[in-house]
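Morning, everyone. Please have a look at the structure on the screen, and I will walk you through some parts of it.

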Amino acid sequence: MAFYITTAIAYVNGQPHLGHAYEFIATDVLARHMRQRGEDVFFLTGTDEHGEPIADTAKAEGIEPQELADRNAARFLALMPKLEVSNDFFIRTTDEQHELAVQQFLQKVYDNGYVYQDLYEGWYCPRCADFKVENEILEGNRCPIHEIPLTRESEENYFFKLSAFQEQLEQLFDGQSDFVMPARAFNEARAFIGEGLRDVSLSRGKLTWGVKVPWDPSHVFYVWFDALLNYYTALAYARPGEDLTDRYWPANFHVIGKDILKFHTIFWPAMLMAAGVEPPQHVFVHGFLLASDGRKMSKSLGNVLDPIEAIDQFGVEALRFYLMREVAFGADGGVGIDGLKARYETELANDYGNLASRVSAMINRYLGGKLAAGRGDPELRAEFDGLDDEVAWLMDRFELTTALELIWQRVRRLNRYVEEKAPWQLAKDPAAAGELEIVLRSLYEGLRIVTILLHPYLPTTTDKLLAAMAPGDASYALARWQDGAGVMEQITPLFPKP
Ligand SMILES: [Zn+2]
């Protein structure tokens, strides 16, 4: 089945930081898991490059906005392989094909009667590129997200008739309680609709850095609509000569941060409805990563976890694992380099890395690296029965942290099994040769299963380990206990001391 998943596209007015890395990694984990299950996955990410903040920054630097966009987009593009992100395409909203498709799409919205011209006056945040409604403005007319002073702006704009979709949006939400996930985010979006939707500005007249409005080229589209459309436009040109829209739309998951909830859960489905296009199936809203003391990360407080430094020190797989393990996906939580180091040592190096080394060493020392066919220890086997289905069920709900915990319980179980059975004792007793074989075969099976299930989180490490095993395939169908013969080569430590 087609499975289309997207991250929010990164705004190129700055450098990549941990928040971006978190969203890219989490989305990648689910994309890889779905590929293991044999789904026809398309994973999109990219950069959002228009709007006033880009124009302002470029002006301050004395360069063209395109130059700024090119420079920063290159940084995001280069980050993907560093994070082991397996995106199928990287869209830039300055792609010519995207710009043309935005014009065609919004022309349709216009032709369908959902656009009108009016004077707009209100409090505007240049960083959000958004007008703020009275009840969300902070004291002193400041942005509730950026806390910077808002400017009073008034201009002749084109408006999108969001209010015309009040009922349709209510029906969408009331008919599908997992349209927005998790429930807290759903409730927030539903409450916003409940307050009554007001029309929103669709264009800017004073700005030139954007996609030109086809029916009035003195305006450019408000950057949000141009940006949201990336999820739809990319499919038409991601593969040269092929239009993937029918194959992958509607998207299964848009993955976003909670600061852009309103745009993705309300404006976006309404825009699609206005053009006669089906809304996405789910929007998943992840939380924010805070410093380990629970405060906001900031350079001045010196509590920032820099993803590149973390990768240089512990490797990308440790960062991926730590972020998915430390903070329940969907909630806010604190992270820091000390916590990463602790999990690297206790969980990756000791729990998992040591287990793999010991199992491989014992299979080689006692059995010459070869395991005969057999059913293994029925007690241990029972603890792995159905694990693949449980993990898949959780992953379908984007429960990346709960699924990882379930897998880790089995990693720990296998370590206890080693201690309980003490294969090195059995090896001393020729009469226990049969039992030794059963114990090692069971450890091999358990290790193989957890390794397949860990593959989306630790793609390179698990590939390395599976390459030393036969069958050494990471496909999901093999994430259950097998009875056939097996092979395991001697391995080098998976997580050496950094
Ligand atoms: Zn703002």
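Let's start with β7 and strand β9 (residues 200-201): 2 bridges join them, and they run antiparallel. Phe160 stands opposite Val200 in β9. A word on terms. Helices (H or I, at least four residues) and strands (E, at least two) are DSSP runs, numbered from the N terminus. Two strands pair if DSSP finds at least two bridges between them.

Before we go on, this is a predicted model: local features need pLDDT of at least 70, side-chain atom pairs count only at pLDDT 80 or more, and totals for chains, interfaces and linings use all residues. Residues are numbered from 1 along each chain as its sequence is written, and side-chain values use heavy atoms, with hydrogens and water left out.

Back to β7. It also runs antiparallel to β5, and 10 bridges join the two. Here Tyr116 stands opposite Phe159 in β7.

Now the metal. Which residues are the protein donors of the zinc ion? They are Cys125 (SG), Cys128 (SG), Cys143 (SG) and His146 (ND1), lying 2.1 to 2.3 Å from the ion. Donors are N, O and S atoms within 2.8 Å of the metal (3.2 Å for Na, K and Ca); water is not among the atoms, so sites may look incomplete. In sequence, the donor residues are spaced C-x2-C-x14-C-x2-H. Cys125 lies in strand β5 (residues 115-125) and Cys143 in the loop between β6 (130-132) and β7 (151-160), so the pair ties together parts that are 18 residues apart in sequence.

What is the geometry of the zinc site? It is tetrahedral, with angles of 97 to 114° among the 4 donor atoms. Four donors count as tetrahedral if all angles lie between 85 and 135 degrees. Ideal angles for four tetrahedral donors are 109.5 degrees.

Are Cys125 and Cys143 buried or exposed? Cys125 is buried, at 0% relative accessibility. Cys143 is buried too, with a relative accessible area of 0%. Buried means under 20% relative accessible area, exposed over 50%, partly exposed in between (1.4 Å probe, protein chains only).

On to helix α2 (residues 52-61). Its buried residues are Glu52, Pro53, Ile54, Ala55 and Ala58. They pack against β2 (10-11), α3 (65-82), β5 and β10 (203-204). Contact means heavy atoms within 4.5 Å. Just after α2, Gly62 takes a positive phi of about 75°.

Next, the domains. The chain is divided into domain 1 (2-287) and domain 2 (336-487). Those bounds come from an automatic or database domain assignment. The domain centres, taken over C-alpha atoms, are separated by 42 Å. Across the boundary, 14 residues of domain 1 are in contact with 16 residues of domain 2.

Now an open sheet. Its 3 strands come in the order β16-β18-β17, and the pairing is antiparallel. β16 (370-371) and β17 (469-470) stand at the edges, each with a single partner strand, so one side of each is left without a neighbour in the sheet. β17 pairs with strand β18 (residues 486-488) over 2 bridges. There, Met488 is the bridge partner of Met469.

Last stop: Ala349, in helix α13. At 18% relative accessibility, Ala349 counts as buried. Not counting residues up to four places away in sequence, Ala349 touches Tyr344, Asn354 and Phe495. Ala349 and Phe495 are 146 residues apart along the chain, yet 5.0 Å separate their C-alpha atoms.

Notes: Four donors count as tetrahedral if all angles lie between 85 and 135 degrees; four count as square planar and six as octahedral if opposite donors are over 155 degrees apart and all others between 65 and 115; anything else is irregular.
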